[in-house]
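Take a look at the model below. This report goes through some of its backbone details and then turns to the chain as a whole.

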Amino acid sequence: MASAPADPASTFDFDPADPVFVAHEGGKLGVVARTELRDSSDLSVIYTPGVAQVCRAIAADATLSMRYTSRSNTVAVVSDGSAVLGLGNIGPEAAMPVMEGKAVLFKHFADVDAVPVCMNSGTVEELVDAIARIAPTYGGINLEDISAPRCFEIERKLQERLNIPVFHDDQHGTAVVALAALINAAKVTGQELKQLRVVIGGAGAAGVAITDILRRSGIPDVVVCDTRGVVEPYRTDLKDHKPRLAMSTNPRGVRGTLGDALRDANVYIGVSGGTVHEEYLAAMAPKPIIFALANPDPEVHPDLAHKYASVVATGRSDFPNQINNVLAFPGIFRGALDSGAPAITEWMKIAAAQAIAGLVENPRADMIVPSPFDERVAPAVAAAVAAHA
């Protein structure tokens, strides 16, 4: 079970006049009816007695719920508040503003109705059972801000149990956009994906997903580092998902620290926080690519990264090349819902990344991914996902 939530009152001064709090007051969501209720005739159709006909039809064939209810366009955004942004385990109530914001993004970018579902944390089995029990209301499940390594097992068990898409965005949304950015960064530097030596700083949810999607995309040389150094089979302190990670990566058998891994590497992707020493960057191969994605403080500040790298990306909106999950998840769910896909496969994710990359016709060092406000993004991603359903 996750540790007790932090006390938010101990970390900042609450000012209800602050514009941020004013913007959030009353929440960011509401309910809008799609069917008009003008008179008793309407009432008899949308409620009793007319609604009984639809109930009987669905009782006879449950798949009709996707046609005659809001399920086909509704996603649950589920969190237990155990790993919220950079705030850590702050609990389900404090996670609610983030999940509301996620729902706004779903609606704005892909016209998907998303509902925040914030739960008290429990064991993996308790959370899986609770989410599975509410699944008949939704057409998809977006897992959000759930701590690793619990998130891996929760997603896997839900995917096995449900016949609707289950997608942990902290893992796969980040991975999809990182792959899209790397496809175009490689073009800028004149390199082929399959020849890149990639080092990933961070063996949590995002690090594991990025590793998986890069290897499936034909990049065999991926080395993963955690806070103790290279994740490799000779380490005796590896737990949970890390032994599998050690056996499936690092084909050259690199051992030691992050600095050892970065020597002659072409790419660094940071998803863990902390700081990368400058001498590590200086030892990378010529024209390296640096994605420092920790928020709000990148592992390498862009000013320093540009001293060595040909292409630099961060997770922040105030620097070029923002690796932002919003480029991926709205279109991915739009495509999955529209196609009636029972799951979001690895090939759908790769197709989504290729679609995002393809929207930048002439990649430059300061433009390797489209803007989140590029109206082509969600439709292109949705079409790519639906084509692989």
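Asp 145 is buried, at 4% relative accessible area. Buried means under 20% relative accessible area, exposed means over 50%, and partly exposed lies in between, with a 1.4 Å probe and protein chains only. Asp 145 is not a glycine, yet its phi is positive, near 55°. Asp 145 sits in the loop between E3 and H7. Helices (H or I, at least four residues) and strands (E, at least two) are DSSP runs, numbered from the N terminus.

Asp 111 also has a positive phi, about 55°, and is not a glycine. Asp 111 lies in the loop between helix H5 (92-110) and strand E2 (113-118). Is Asp 111 buried, partly exposed or exposed? Asp 111 counts as partly exposed, because its relative accessibility is 43%.

Most residues other than glycine have a negative phi, and most peptide bonds are trans.

## Two cis peptide bonds

Which residues does a cis peptide bond with omega of about 5° join? They are Ala 148 and Pro 149. Pro 149 belongs to the loop between strand E3 (140-143) and helix H7 (150-161).

Another cis bond runs from Asn 295 to Pro 296, with omega near 0°. Pro 296 is in the loop between strand E9 (289-292) and helix H13 (302-308).

## The whole chain

The protein chain has 16 helices and 10 strands. Its radius of gyration is 22 Å, close to the 21 Å from the globule rule for 389 residues, so the chain is as compact as a globular protein of that length. The radius is taken over C-alpha atoms, and the rule is 2.2 Å times the number of residues to the power 0.38. The C-alpha atoms fill a box of roughly 75 × 50 × 45 Å, taken along the principal axes.

Of the 389 residues, 48% are buried. Among contacts with a separation of 6 or more, 64% are between residues 24 or more positions apart. A contact means heavy atoms within 4.5 Å.

## How to read the values

This is a predicted model: local features need pLDDT of at least 70, side-chain atom pairs count only at pLDDT 80 or more, and totals for chains, interfaces and linings use all residues. Residues are numbered from 1 along each chain as its sequence is written, and side-chain values use heavy atoms, leaving out hydrogens and water.
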